[in-house]
Amino acid sequence: MRFNFQEPEETPEPRRSPTPKEPVRWVPLQTHPVFASPPSSSQDEPAASQRFPRNFMAWDGDSRLYYWDSTRYLLHRLSLRLGEPEPTSVLAAVPSKVMQPDLQLAFSVNKISINKSGSAVLLAGSDGICVMYLFGRASVIQDNVICRVVSVGSEIYSSGDSAIHLLQASWHPDSDTHLGVLSSDAVFRLFDLSSDAEVPEQEYYLQPVEPGRSRTASSIYPADFSFGGDHLWDRFTVFILFTDGSVYILCPVVPFGSIYKWESIMEIYNDANMYGVKSPNSVAVSNSSLAIDWLEAVFPDLTEQGTRADNIVVVKAHPYALLDASLALQGPLYKASSGGGNEDLAVREAECKGRAVSLLYNIVSKDSILVTAWSGGQLQVDALVDEIQPVWISGSSSRLRMNSHNKIQGVAMICESNVGELPVATSNLPLDHTVWLGLPPPLLRLAMVDLALPTKREGGSLVTLYADSLLPERIYSIHDGGIDSTVLHSLPFTSQATGRDEALKTPSVHTVLSTCQEESATSSLLGFVPLSDSFGYAWIIAVLSSGECVVAEMKTWDLLLPIHVSTDKIESSSAIETKEKDPSCIISKELLAGPKVRIAPHALPNQRSTPADSVEGRSILHNYVKLFHENYVEYAHKVFFELQHHAPNLKRIIDDQQQRFSEANEKMSKVEKNQSLLEKRIEKAIQRHDSLEQRLQRLRSLPGTHKKPLTRAEREFKSELDQFTGVEVDALQSSIETLRARVKKSAQKSPKNAVVAGGTQRKQYSKRNYIQDTGMSQLQSTLAKLSLMNSDNSKKVKIVESALKSQESSLI
């Protein structure tokens, strides 16, 4: 028995117990009653919900699995035993604990996620988000534990006329009470559930390009985000992905009240003092000075090193923000170049199709990895070449929300890109020329992986990425076709640190679960979660749309071993088996050669004969008998011993040959039975081949088949049109809806019929109304321009599509 987790007892109450009186029994997870009934279909969900990543499963990292029932709006908690009774099996307790929200949810839940302490579950969808607290129940109804549910940002996301949709929501890795939310209005918000779940603690309005200079709508429409890992400034970083594939960085972003290790803070603090302040470059000195001031304000313990540094283990982040500066939206991240700096800004590759849909940050030993998933089924794997450093833009002040004690409660700022003011970073420059200059870290392309997904949906597939907690080199891709596993075999800095100077190897891609459906356009996976234990075993659990639960064991310890092994030092198993099966190895060659000693000595030609009855003859015969006994008799004993010793081996070889002979006879009998069926299938294949040839001949005789195909320029223009219809129109439509929602909100908030006494107050309110009316008029004019542009682009697309259809019909 590897694990024996017991359910903790709830606080006793005089009311009915939430746990059923049925005795607990352990069954395989695949046969658990929770997965017996198929859930409701999601074919009628809106397009916005289908684009939100769907996952109804979550794991607390210990022994509890959570599953959301989308039909009855219930949360099931299953206690697990990993690796019992076999390493490949996972057992679950029956019955499971059922938890019910204390209020009716006004949106459809697409994703659940649990915080690191296991005390709260995030329930998120494209039209709303809330948090369900698992402990401190309110009441019990029909064995269901009623849990408290708190809405998050309901005024922003869940209002009836709101056109703002959620794109991604995730717990912050360094806090149990902070949520990061990215929405369609290009705003990243950080909510603190311990203070106020309705008002965001931090707001970052993303502006990747200057107003009026964006050529495509996809360059300003976000797609996903990911928090950084436990490495230098990465722990304070948020990576933002836009639909054109560009990746931007926000650093530093720290939840108020979060806890960090003292060693980690001291490491980046000493780095800023050593490489930044002492740099001969004034820009590096200015950037590092701002970083040091920020660190000393957020972590005041840094200024008290002489009195408390020896006793500090962890430090708490205090609320702070620069008044005369705002965070820079660093990026887009460039591909690392050897020099020149004339590389194109676009990170989109020719083999990437569709739009960028998902982003994953993962730290593997010494390397920080970024994986970008595209709707066409491609994975773009990059590694950060340089370290991330914080960058502020002076002159753009932040907006602070203070309490009655003049303490910061919230921060809001506009984050603009500073790429126009910086040169392109190259990988061959020395450290003194790149450190603390505000350059975004370049990317080193490790691999491009094509998952070869079926093109069933117009907008492409929604690919979701997950990292393996036990083996960080393995990345799971969840898509319409199932689950794929990608293992990275070569990492630049990790290989260099371990002393392996070798070329980059191609990652290995394996299909874990295939759920290809030709007719269905939605994903057949409802939930996915990777599991692992302390003994090095790993599993994946997936729930299909039919309600079936799939459990599969994943290899871990031998997954990264090299495929090619040196044949000079290590003998292959096939060679060992050949030696064992070789009959010449049964008896030694020495015994087969016979005795080497000659009994009869060489007789001289002139030597006289000796009679046998003489003394000399008897002596010679005695010597002959002695030599015969020492050689032939002992040799015979050796031969007898060898034959008796190898008799079991000979019997095993004979039995093995007889077994193989019987298996061969069985296979021959099966072949004889299936021969008639094979002949019929061959005849059908030949007939099918003949019919296809005849059909091909008829098609060749049709008019228009000898016309020229599309030229390269026409193909490129067609691909641009496909890109525009699949990505740009959707992004532009979302931007228009967001602007309309902002206009409605600003119109509702504007005081129209308020009566104010006093001339000074009337003048102030008239000025405010004038400013608000001016802003509304600008928004309305911008909205009108966008509507006209959208209508014109739609007309052009229709004209080009009609021309292409007519051309294709003429070709047919």
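Modeller: A salt bridge here means a side-chain nitrogen of Lys or Arg within 4 Å of a carboxyl oxygen of Asp or Glu. This is a predicted model, where local features need pLDDT of at least 70 and side-chain atom pairs count only at pLDDT 80 or more, while totals for chains, interfaces and linings use all residues. Residues are numbered from 1 along each chain as its sequence is written, and side-chain values use heavy atoms, leaving out hydrogens and water.

Biologist: Thanks! How many salt bridges does the structure hold?

Modeller: Seven. One of them pairs Asp69 with Arg72, whose closest N and O atoms are 3.0 Å apart.

Biologist: Is Asp69 buried or exposed?

Modeller: Asp69 is buried (under 20% relative accessible area, with a 1.4 Å probe and protein chains only), at 11%. Arg72 is exposed (over 50%), at 53%.

Biologist: And which residue does Arg445 form a salt bridge with?

Modeller: Asp382, with the closest N and O atoms 2.4 Å apart.

Biologist: New topic: what is the order of the open sheet of three strands?

Modeller: E34-E35-E36, with antiparallel pairing (two strands pair if DSSP finds at least two bridges between them). E34 and E36 stand at the edges with a single partner strand each, so one side of each has no neighbour in the sheet.

Biologist: How many bridges join E35 to E36?

Modeller: Six. For instance, Val543 has Cys549 in E36 as its bridge partner.

Methods: Helices (H or I, at least four residues) and strands (E, at least two) are DSSP runs, numbered from the N terminus.
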